[in-house]
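Subject: Structure handover and findings

Hello,

Please find the structure below.

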Amino acid sequence: MQLLNRAFKKHYFRIRFIRFISSTIRFAAIGFMRRMRKVKERNPLFLDNDTSEKNNKDEFLYNHSPMLDQYFSGDEFFRDSIEDDALYFAWIDLSPKQKQVILLSYTMSYQDIEIAKFLSISPQAVFNRKRKALVKMRAIYSSKVVNISG
């Protein structure tokens, strides 16, 4: 009986270990695909397009580069896309700096370090702005949901 128990434990350990390794590989592959998709979205290859009418490739790239200023000149495009009333009220109560960090972080998927470089502030300041904005939004959202449903 003991020999059978030891053999079963060995067999069960092998099954669990193989499952652990396969899930680790699976999630690493998913993470890699997400990172590569993000890189491709941020850095599209415009040189593949027809540039025969453009004499200067630099001008072509400049005209088709993403303009980050559109996200900071006003948040109307984002505000108009919010369908939940409570979330809308939580969004409009944020300060412009908090909105800026939230937009860069969640809608454009930038990391805190990238946002810090872009805004010329420290990564800690970015983290603090984002944390305070989320706390503020969570509080306003939960109070509005209670008011709307109650």
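This is a predicted model: local features need pLDDT of at least 70, side-chain atom pairs count only at pLDDT 80 or more; totals for chains, interfaces and linings use all residues.

Helix H6
In H6, Gln98, Lys99, Gln100, Val101, Ile102, Leu103, Leu104 and Ser105 are buried. After H6 comes Ser109, which has a positive phi, near 60°.

Salt bridge
How many salt bridges does a search of the whole structure find? The search finds one. The partners are Lys130 and Asp112, with 2.8 Å between the closest N and O atoms. This pair links distant parts of the chain, since Lys130 lies in helix H8 (residues 123–149) and Asp112 in helix H7 (residues 112–119), 18 residues apart. Are these two residues buried or exposed? Lys130 has a relative accessibility of 13%, so Lys130 counts as buried. Asp112 is buried as well, because its relative accessible area is 19% and the cut-off for buried is under 20%.

Aromatic pairs
A pair of aromatic rings is described by the distance of the centres and the angle of the planes. The count here comes to three aromatic pairs. One of them is Phe13 with Phe17: the ring centres are 6.1 Å apart and the planes are at 20°, so the pair is stacked. Phe13 and Phe17 are four residues apart in helix H1, which means that about one helical turn separates them. Phe13 is partly exposed, with a relative accessible area of 49%, and Phe17 is partly exposed with 44%. Another pair is Tyr88 with Phe89, whose ring centres are 5.8 Å apart; the planes are at 70°, so this pair is edge-to-face. Tyr88 counts as partly exposed at 27% relative accessibility, and Phe89 also counts as partly exposed, at 35%.

Nonpolar patch
Which residues make the nonpolar surface patch of about 630 Å²? They are Phe13, Phe17, Ile18, Phe20, Ile21 and Ile25. The stacked rings of Phe13 and Phe17 therefore belong to residues of this patch. Ile21, another member of the patch, is found in helix H1 (residues 2–42). Its relative accessibility is 34%, so Ile21 counts as partly exposed.

Regards

Terms used
Residues are numbered from 1 along each chain as its sequence is written. Side-chain values use heavy atoms; hydrogens and water are left out. Patches are made of residues with over 30% relative accessible area and no salt bridge: like charges are joined within 9 Å, nonpolar side chains (Val, Leu, Ile, Met, Phe, Trp, Tyr) within 5 Å. Accessible areas come from the Shrake-Rupley method with a 1.4 Å probe; for residues, only the protein chains shown count as cover. A salt bridge is a side-chain nitrogen of Lys or Arg within 4 Å of a carboxyl oxygen of Asp or Glu. Helices (H or I, at least four residues) and strands (E, at least two) are DSSP runs, numbered from the N terminus. Buried means under 20% relative accessible area, exposed over 50%, partly exposed in between (1.4 Å probe, protein chains only). Rings of Phe, Tyr and Trp (its six-membered ring) pair if their centres lie within 6.5 Å; planes under 30 degrees apart count as stacked, over 60 as edge-to-face and the rest as tilted.
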